[in-house]
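Please keep the sequence and the structure in view while reading.

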Amino acid sequence: MQEFGENIQQAHDEKLGRHLVASISIEPGDTILEERPLLVAPHWECHQLKCAQCLQESYVICRRCQVFPLCMDCSQHDEFECEFFASGAGKALCKDILVKNFGICGLLKLLLLLENPNTQADCQMLIGVPINLGDYRDGEGMWQEHEELVVRPLMECGLVDCLPTQQLTSDILHAHCIRIDSNSFEVTAKDGDTLKGVFVWGATLPHHCVPNTVVALDEQFNMKLYAAVPLQPGDIIYNSYTNPLMGTSQRQHQLRLSRRLECTCTRCLDPTEMGTHMSSLKCKECGGFSVCEIDSNGKLGDWRCPDCKALLTAAEVHELQAEVGSALVDAMGDLQVYEALLTQYGPLLHPNHFMLLDIKQNIASILRAAALMTAMDQPCKKLLARRVELCSDLLPVCRAVVPGISKLYAIGLFEYLLALVELVELQFAESDLNKKEYVAHLKTASLVATEAMDLLRFEPENSAEGYLADRISMELERIESDLKKYGR
Ligand SMILES: C[S@@+](CC[C@H](N)C(=O)[O-])C[C@H]1O[C@@H](n2cnc3c(N)ncnc32)[C@H](O)[C@@H]1O
């Protein structure tokens with residue numbers, strides 16, 4: 001069992017089930033929970049064999065058990081799972097079960113953890129939470145994926161007979177798949193592939209669209225949870241299961257689909273989405289902004305302009321959003337098309353509308369890639385200026401939707417910093433900026449870099465965010481040395 005700090009304690013209520021609450025006042029950045037994963041597994045649809053130990057690409061099979069893949073750097077994997085197939089109950093099973101059906105890997109690992117006396121108690125915490133299979137048994141989407149990639153191959157390979165005490169049926173296997181999906185965090189292997197990480201205490205964290213903690217995951221898949229904002233005794237410890245740059249309708253759809261969760265958090269009940277207006281539309285009558293009418297259960301209604309009371313029906317809004325959504329899919333990475341979409345739909349939506357933000361993020365990332373490839377000529381300066389503009393548009397929204405210590409805002413600042421420095425360096429080199437103007441921009445860049453590094457200071461060194469902090473620190477050194485050279 002993993003330990004958690006003295007600053008939190010376990011609680012239980014009907015709505016949230018098991019969860020954690022602050023037992024004392026907690027400062028932003030204070031560690032709340034440190035936990036090793038119970039299980040790290042590839043996605044069900046993964047066909048590339050992954051090393052059972054480090055989860056990187058693998059092309060060899062463990063010589064001892066002849067079932068689990070290993071990579072060139074790892075000579076062994078979990079002793080219990082190896083032994084099970086080497087000389088234990090699974091010895092007689094066909095050795096290529098994972099080669100033929102790699103999708104079963106995550107569930108196979110969980111079944112062996114359940115069989116292992118040393119890990120049974122941890123697993124029980126996870127599988128002890130009842131699942132209403134009726135909510136999922138629609139034969140489509142998630143259920144169908146589990147059935148085809150995991151449950152059926154596992155039922156057919158004879159493994160269930162080797163684990164008689166678990167009395168496995170296909171319903172039990174489906175429930176385990178749902179538990180893995182709904183409790184997992186996205187973790188990243190060293191080779192950059194994303195995986196599912198399941199943490200016993202991490203799995204108890206309920207959802208809030210404005211979480212009060214930050215989840216940090218290092219290269220060994222260890223989790224560190226720290227406070228994003230000050231917490232008072234009794235405050236529930238929340239994580240977010242969704243992307244904060246999604247609008248309320250998108251987040252609610254995702255939560256309903258993946259977690260069967262109807263969110264009624266403060267952001268979901270706030271028509272202005274924390275003042276960002278990420279779901280607001282331009283009022284056709286008075287030019288103000290129409291906001292969604294939301295009832296106390298978080299159910300979205302029609303859109304109404306608070307100034308002139310003009311109505312936009314939910315059906316009209318959904319139609320418009322579906323139209324923009326499919327135009328976005330059709331755009332397929334084409335810069336001109338994205339810019340045309342901004343021109344077409346910008347006048348109908350609030351400038352911070354989540355669909356416009358999505359288009360702007362697409363444009364900014366195309367421009368970032370283009371800046372790496374294009375020669376530094378005149379059109380490039382225009383593109384760089386456009387990138388700076390888009391990154392700066394995104395910043396206030398990133399700041400508003402994740403208060404306190406925010407990785408999202410840190411990343412937004414980093415993107416803005418890169419764009420700004422590239423642009424002003426080029427403008428200075430080509431004498432578009434004089435020394436005084438250049439220095440003023442460098443001072444802004446220095447402040448941006450410092451703020452981004454400050455937001456990342458609680459991240460583990462060996463994590464993607466830890467490496468990002470190093471990258472920003474190098475950038476800051478370069479900026480400071482230029483400031484020294486050209487005078488402050
Ligand atoms: C990661 S699990 C949480 C496990 C649970 N707390 C326990 O007893 O271990 C996610 C599930 O908890 C419930 N849940 C999480 N956040 C919630 C919230 N804000 N309101 C209601 N239910 C929530 C939903 O059923 C969701 O599918």
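## Terms and model

A residue is called buried here if 20 or more other C-beta atoms lie within 10 Å of its own, and exposed if there are 12 or fewer. The model described below is predicted.

Most residues other than glycine have a negative phi. The loop between β4 (39–41) and β5 (60–61) holds L55. Because L55 has 24 C-beta neighbours inside 10 Å, it counts as buried.

M332 is not a glycine either, and its phi is positive at about 40°. M332 sits in the loop between α10 and α11 (335–345). With 8 C-beta neighbours inside 10 Å, M332 is therefore classed as exposed.

Strands of a sheet pair through backbone hydrogen bonds, in a parallel or an antiparallel way.

One partner of β8 is β4, which runs antiparallel to β8 and is joined to it by three bridges. In this pair, A41 is opposite K196 of β8. Another partner is strand β7 (residues 184–188), which pairs with β8 in the antiparallel sense over five bridges. S184 has V198 in β8 as its bridge partner. The hairpin of β7 and β8 has five residues between the strands, and G192 in this hairpin takes a positive phi near 95°.

## An open sheet and the helix across it

Four strands form an open sheet in the order β11-β12-β13-β14, and their pairing is antiparallel. The edges are β11 (281–282) and β14 (311–312), each of which pairs on one side only. Two bridges link β11 to strand β12 (residues 289–294) in the antiparallel sense. There, S290 in β12 is the bridge partner of L281.

Helix α10 (residues 314–331) lies across β11, β13 (300–304) and β14. Relative to β13, helix α10 runs at about 90°. The loop that holds M332 lies between this helix, α10, and α11.

## Nonpolar cores

In soluble globular proteins, nonpolar side chains tend to be buried together. The largest nonpolar core in this model has 127 residues. L107, V150, L417, L420 and A452 have the most contacts inside this core. Helix α14 (residues 407–429) gives the most to the core, with 12 residues. Another core, of six residues, lies apart from it and includes C209, V210, C263 and C268.

Which residues does L107 contact, leaving aside its neighbours within four places in sequence? They are V150, L154, L173, H176, C177 and I180. Of these contacts, V150 is also listed with L107 among the residues with the most contacts inside the largest core.

## Around the ligand

There are 15 residues around the ligand, and G17, R18, P206, H207 and R259 come nearest. Two elements give two or more residues to this shell, namely β2 (17–22) and α7 (170–183). β2 gives the most, with three residues.

Technical notes:
Residues numbered from 1 in each chain as written. Predicted model: local features only at pLDDT ≥ 70, side-chain atom pairs only at ≥ 80, totals over all residues. Near = placed C-beta within 6 Å. Pairing = 2+ DSSP bridges. Contact = placed C-beta atoms within 7 Å. Axes fitted to C-alpha atoms, helices over the stretch in contact; angles between N-to-C directions. Core = buried A, V, L, I, M, F, W, Y, C linked by C-beta atoms within 7 Å.
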